Amino acid sequence: MMSANNTLYITTPIYYVNDVPHIGHAYTTVAADVLARYWRLHGREVFFLTGLDEHGQKVQQAAAKAGIDPQAHCDKLAPQFRHLWTRLNISNDAFIRTTDVQHIKVVQRYLQELFEKQLIYKADYSGWYCTFDERFWTEKDVENGLCPDCKRTVEKLSEHNYFFKMGQYQDRLIEHIKKHDRFIRPESRRNEVLGFLTTQKLGDLSISRPKTRLSWGIELPFDTDYVTYVWFDALVNYVSALEYLPRETPVGHRFWPANVHLVGKDILTTHAVYWSTMLMALNLPLPETIFAHGWWTVDGEKMSKSRGNVVDPYKMIDEFGVDAFRYFLLREVPFGQDGDFSLTGMITRINSDLANGLGNLLSRTLTLIERTQGGVIPAPGPTGPAEQELEQATITLLREILPRHLEQLEFNRALEGIWHVVQLANQYVDKTAPWTLAKSERDAAQLKTVLYTMAEILRCLSIATYAVMPKSAQTICAQLGLADDYVQSLEIGTIQWGDLLPGTAIRKGPSLFPRIDSKTQGAKPVTDSSVPSQPTATVPTPTPAAPVVPQVTIDEFMKVQLRTAKILSAERVPKSEKLIKLQVSLGDEQRQIVAGIGKKYEPDVLVGKTIVIVANLKPAKLMGIESQGMVLAAGDTDVRGLLTIQEEVDPGTKVK
Ligand code: MSP
């Protein structure tokens, strides 16, 4: 993100206070927060603005419904947004409300300026008006008397209004968009805007409403019978805030133009066209980037109050923790695309990426340091290729991968990059098996190398994850024995591998991300601070796994004979959706197995696969067909995937 000076200005839309905040509001604000935190680590002087859009018909109607006056309604709802931002750890530098008197003055000043320049004029206007969207539509837009956007009934209105000469900026705007390929992003949205600007004539913009129809707005300085149209008031916030916020020391116009306006796809036109042309008329430079993100659906459906499926961010934070929610929002869907929210999706991410991934890495590292080094980070012994590879991957992550993706607002790719290192680190622990090294004095130096490397990776991961998960990054630092504000005080460009000081006393604490039991749909984490971390499935660590299922002895387990089998043929069992009859080869014998995998697989794709079966299961009949064994598959009630063997092995090989 370029700036002639070192400043960086990031904004979110200002949210209507017609209702309480939902996941859509949280999404943009978290994304903006990640950028703000990330760029502060790069030493940029960041101004991060969010706030509320308090005027207009929607707010007036919501207040009327609640039986209170609009200002009282706004004052009642504003804390709900502010409080949510506190709970979500949003580090905004200022919070604007369009009912602030200073904002109102700036809007009126700009209106007066444009009026005097004759860029605002009065004219008759008639068209189809949608109260919900607060906008007029032309005859050709409206089909069957419905708003083309929200599909609500529109009404024919005719009135005098004031207009901004937006149309005259059409060519200049097209030229600007063509010249600046980062101005509207993502690319697909840029093409959309260019598409309509180059094929349709841009009209002038009605910027007023008669007070007889809408009283809750900013009065026009040159005609007190009118208030300004909501967008002229709202968009100006991005500039007015610089003049009077933060309260004591306004940051001033040196922050203008904004580097990024983050908006939802539905309000891209108002920003890319209305706002840009307003700025042109006011002789102010245009923002560097307007980035339009996609919308969340919920379990595949549009989110709406009437469907009762509105995702409440407060609830998500309470149930899953603030960082898990922040992580999910940015990891799950590429920024710019639409995405679907589901509790199952969220729980899967928490368990696999957070609890089993990063959380497990922290807990195994600290447990091992506690048990074998008296709780003190050891000085590393000699290092080899494995450590050098990890060092390289970690430094590349901080110096190349994160900047590359965050510069492009590819939050999901940045997180993928971080989790690649988490995975490498966990694999390193699995391979070096420090719990075995700890058994022999001869391996003491290597053990120290492994433990130091693990702790140093975690220090670097706290820096890498900080922007997305500030609270967890702080916890990692605290548990590693570093200062709570360790990351904030860093300059990311100066980070070196090996800065972690041997001799630092660790402070192991509660597990970072408790596993969530999907059966209770996130109602309760399965583990809590009193339960040690989960080892990965294949590797024993010194900390025992939480006993969530009855345990079996090794002798009991050895009674089960697992073998590989090659599928020779497969066909559906008639009248069953689920069952497939398989003929499999175990090398020296052929078996028939009836498996409940028909919802996941078509018979054709199974033939030729080498799978794993329980070979000594007592034969049983399923829908009258004998099954001589059982196929192993991942999944609980639903089959998610068959167990197969990566390498070529003979059918019938024992699996242990
Ligand atoms: N007040 C105007 C913005 C003025 S900016 C100068 C407004 N407010 S809003 O509260 O209705 O919407 C705010 C943001 O929430 C928009 O960016 C919109 O895209 C976003 N979202 C609303 N529902 C959403 C989803 N279901 N998913 C993602 N974002 C969504 O518009």
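**Reading a sheet and a ligand shell**

Modeller: Start with an open sheet of three strands, ordered β15-β14-β16, with mixed pairing. This is a predicted model: local features need pLDDT of at least 70, side-chain atom pairs count only at pLDDT 80 or more, and totals for chains, interfaces and linings use all residues. Residues are numbered from 1 along each chain as its sequence is written, and side-chain values use heavy atoms, leaving out hydrogens and water.

Biologist: Which strands are the edge strands?

Modeller: Strands are DSSP runs of E, at least two residues, and helices are runs of H or I, at least four, numbered from the N terminus. Two strands pair if DSSP finds at least two bridges between them. Here β15 (301-302) and β16 (339-341) are the edges, each pairing on one side only. Strand β14 (residues 296-298) pairs with β16 in the parallel sense over three bridges. Trp296 stands opposite Gly339 in β16.

Biologist: How many residues surround the ligand?

Modeller: A residue is near a molecule if one of its heavy atoms lies within 4 Å of it. The ligand has 23 such residues, and among the closest is Trp296. Strand β1 gives the most to this shell, with four residues.

Biologist: Which polar atoms lie by the ligand's nitrogen and oxygen atoms?

Modeller: A polar side-chain atom of Asp53 lies 2.7 Å from a ligand nitrogen. For Asp266, such an atom lies 2.5 Å from a ligand oxygen. A polar backbone atom of Trp296 is 2.9 Å from a ligand nitrogen.

Key. Polar contact = N/O pair within 3.5 Å; in protein donor to acceptor, adjacent residues only side chain to side chain.
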